[in-house]
Amino acid sequence: MKLLFQFGIIAIFTFIGEILNYIIPLPIPASIYGLVLLFAALCMKIIKLEQVENAADFFLAIMPIMFVPPTVNLMTVWPVLKNNLLGLLIACIISTIIVMGLTGRIAQALINYQDKKEEKFAGSVNEQTISEEVHDYE
């Protein structure tokens with residue numbers, strides 16, 4: 001029953017995403033609207049992680065199976081792909097390099113931000129401790 005409830009919560013956000021996709025004329029898939037809304041609800045503690053965790057883990061476990069039908073469908077359009085194979089290969093390589101580079105830069109920026117934040121916190125703690133020790137000696 002708990003798993004069914006969790007699937008229901010995810011389905012509600014998916015349905016709201018479908019409604020938003022119908023109302024808002026942007027080229028954004030309905031699933032993205034639903035994911036963003038669910039993420040926002042989790043961040044704002046409207047929905048607790050425990051309320052959707054098991055169902056989300058299940059969806060992550062079966063995700064590779066969801067890629068089988070589109071991959072098999074590529075065989076039906078092989079003549080079209082064969083004519084454009086070099087362009088597709090170049091686009092895949094370039095987009096992979098860009099994604100890897102951006103991901104690395106963002107990860108470095110987040111690590112540097114966290115390090116600066118920790119240094120600032122450690123510095124303020126050390127200054128406070130030193131001033132307390134100096135005060136104790138006086």
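Reply: A word on terms to start: helices (H or I, at least four residues) and strands (E, at least two) are DSSP runs, numbered from the N terminus. This is a predicted model, where local features need pLDDT of at least 70 and side-chain atom pairs count only at pLDDT 80 or more, while totals for chains, interfaces and linings use all residues. Residues are numbered from 1 along each chain as its sequence is written, and side-chain values use heavy atoms, with hydrogens and water left out.

Me: Got it. How many helices and strands are in the protein?

Reply: Six helices and zero strands. Along the sequence, that reads α-α-α-α-α-α.

Me: And what share of the protein is buried?

Reply: Of its 138 residues, 9% are buried (under 20% relative accessible area with a 1.4 Å probe, protein chains only; exposed is over 50%, partly exposed in between).

Me: OK, H1. Where does it run, and how far does it reach?

Reply: H1 covers residues 2–23. From first C-alpha to last, H1 reaches 32 Å, close to the 32 Å expected for its 22 residues (1.5 Å times one less than the number of residues).

Me: Which residues of H1 are buried?

Reply: Gln-6, Ile-9, Ile-10, Phe-13 and Gly-17. Down the axis of H1 they fall within an arc of 85 degrees (taken from the directions from the axis to the C-beta atoms), so they line one face of the helix. Over on the other side of H1 you'll find exposed residues: Leu-4, Ile-12, Phe-15, Tyr-22 and Ile-23.

Me: What covers that buried face of H1?

Reply: The cover includes H2 (30–43) and H3 (53–66).

Me: Start with H2. At what angle do H1 and H2 pack?

Reply: About 125 degrees, with the axes 7 Å apart; axes are lines fitted to C-alpha atoms, for helices over the stretch in contact, and angles run from 0 to 180 degrees between N-to-C directions. H1 and H2 are therefore oblique to each other (under 35 degrees is roughly parallel, over 145 roughly antiparallel, 65 to 115 roughly perpendicular, the rest oblique).

Me: Which residues of H1 and H2 meet there?

Reply: Contact here means heavy atoms within 4.5 Å. On the H1 side, the residues include Ile-10, Phe-13 and Gly-17, and on the H2 side Tyr-33, Gly-34 and Leu-38 are among them.

Me: What about H2 itself, which of its residues are buried?

Reply: Ala-30, Tyr-33, Gly-34, Leu-38 and Ala-41. Those fall within an arc of 130 degrees seen down the axis of H2, so they also line one face. They pack against H1, while Leu-35 and Phe-39 sit exposed on the face of H2 turned away from the buried side.

Me: Is Lys-45 buried or exposed?

Reply: Exposed, with a relative accessible area of 66%.

Me: Last one: how do H1 and H3 pack?

Reply: They pack at an angle of about 75 degrees, with axes 8 Å apart. That makes H1 roughly perpendicular to H3. Lys-2, Leu-3, Gln-6, Phe-7 and Ile-10 of H1 make the contact with residues of H3 including Glu-53, Phe-58 and Phe-59.
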